[in-house]
Amino acid sequence: MTVKRVKRTPSSEPRRPAEGMGGLAKGLAIIEALSSFGVQSAADAARAAQSTRAAARRCLLTLVELGYVERVGREFKPLPRLRNLGQPGSLRDRLIETSASILASGRDKLNESVSLAVLEGESVLFVARAEAEHIVSTGVRIGARLPAYCSATGRVLLGALADQDIRGIIGSKTLAQRTPKTIVKPTLLLQEINQSRASGFALCDEELELGMRAMAVPVRDIDGKIVAALSVSAYTARINRKVFLTQFLDVIRDCAAQLEEQCFGRRRPSVDEGK
């Protein structure tokens, strides 16, 4: 019996399944559309991802659950967390590298720990810190997170957002009363954030921990956008409020000015020049 062999041609070779993730590609297309055009309906997202409306809607609802998108009726609006995905990692790296000596100088002048933080969702993330010799018990360290609503750094960083976006963060859930002095009412918090915008600094007096006072100032890029917050904290028994709002504020403002100039080329008068 003769067995006839069939010669395979390239077109007759069995096709291997694609190794890429089609769902991920469609999800990224939807994220790109939200970043570029803002508010999107499920139909808009489906066109952007070249998928069905049902599949696009499932993707959008997943983004809502993860805190990247807000649902408004039939449309979906990107939240700050989604917009932060587009920020270059090199910006944070540059801030960390440039701030090291500046934070150390501030610490040495004040004999208190000085930190640098950025906003991540509803929290602030501490990315750089010059630690004082004495221990501060707030748990602040590089890589630590604090709630944005009741921290001085958080209120400065929230001030970079539109009021509607701020309400989406501070009004989305019940806020924990960390101490009897913690402000948890959204309307009062928005007033505090607006006040910090106007004054150029935020002060949190025993809202995270009784006996602990913290103050923060914004760090702005060349376009004036707030990209980080520089802060100092101290025990109320060590430093009184008047000294905190004069000497301490002058030093951290000067540190922020140095960081802006060295990191972004943004020039503004230092404390000494203003005197």
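The buried residues of helix 8 are L189, L190, I193 and S196, where buried means under 20% relative accessible area, exposed means over 50% and partly exposed lies in between (1.4 Å probe, protein chains only). They cover an arc of only 120 degrees around the axis, so they sit on the same side of helix 8; the arc is that of the directions from the helix axis to the C-beta atoms. Please keep in mind that this is a predicted model, in which local features need pLDDT of at least 70, side-chain atom pairs count only at pLDDT 80 or more, and totals for chains, interfaces and linings use all residues. Residues are numbered from 1 along each chain as its sequence is written, and side-chain values use heavy atoms, leaving out hydrogens and water.

**More about helix 8**

- Helices (H or I, at least four residues) and strands (E, at least two) are DSSP runs, numbered from the N terminus.
- On the other side of helix 8, you will find Q191, Q195 and A198 exposed.
- The cover over the buried residues of helix 8 includes helix 6, helix 7 and strand 7, with contact meaning heavy atoms within 4.5 Å.
- The 14 residues of helix 8 should span 20 Å at 1.5 Å a residue, and its end C-alpha atoms are 20 Å apart, which agrees; the expected span is 1.5 Å times one less than the number of residues.
- After helix 8 comes G200, with a positive phi near 85 degrees.

**Salt bridges**

- Side chains of opposite charge can pair when their charged atoms come close.
- The structure holds 15 salt bridges, each being a side-chain nitrogen of Lys or Arg within 4 Å of a carboxyl oxygen of Asp or Glu.
- One of them joins R47 to D44, with the closest N and O atoms 2.5 Å apart.
- R47 and D44 are three residues apart in helix 2 (residues 42-49), so about one helical turn separates them.
- R47 counts as exposed at 59% relative accessibility, while D44 is partly exposed at 25%.
- Another salt bridge links E207 and R155 at 2.6 Å, N to O.
- E207 lies in the loop between strand 7 (202-205) and strand 8 (212-220) and R155 in helix 6 (residues 152-158), so this pair ties together parts 52 residues apart in sequence.
- Both E207 and R155 are buried.
- E206 and K181 also meet in a salt bridge, at 2.5 Å from N to O.
- K181 lies in the loop between helix 7 (163-170) and helix 8 (186-199) and E206 in the loop between strand 7 and strand 8, so the pair ties together parts 25 residues apart in sequence.
- E206 is buried at 13% relative accessibility, whereas K181 is partly exposed at 45%.
- Salt bridges that share partners join R92, E120 and R145 into one network.

**Positive phi angles**

- Most residues other than glycine have a negative phi.
- Q50 is not a glycine, but its phi is positive, near 55 degrees.
- Q50 lies in the loop between helix 2 and helix 3 (53-65) and is exposed, with a relative accessible area of 73%.
- E206 is not a glycine either, and its phi is positive at about 60 degrees.

**An aromatic pair**

- The count comes to one aromatic pair: rings of Phe, Tyr and Trp (its six-membered ring) pair if their centres lie within 6.5 Å, and planes under 30 degrees apart count as stacked, over 60 as edge-to-face and the rest as tilted.
- The rings of F244 and F248 have centres 5.2 Å apart and planes at 35 degrees, so the pair is tilted.
- F244 and F248 lie four residues apart in helix 9 (residues 241-264), about one turn of the helix, and both are buried.
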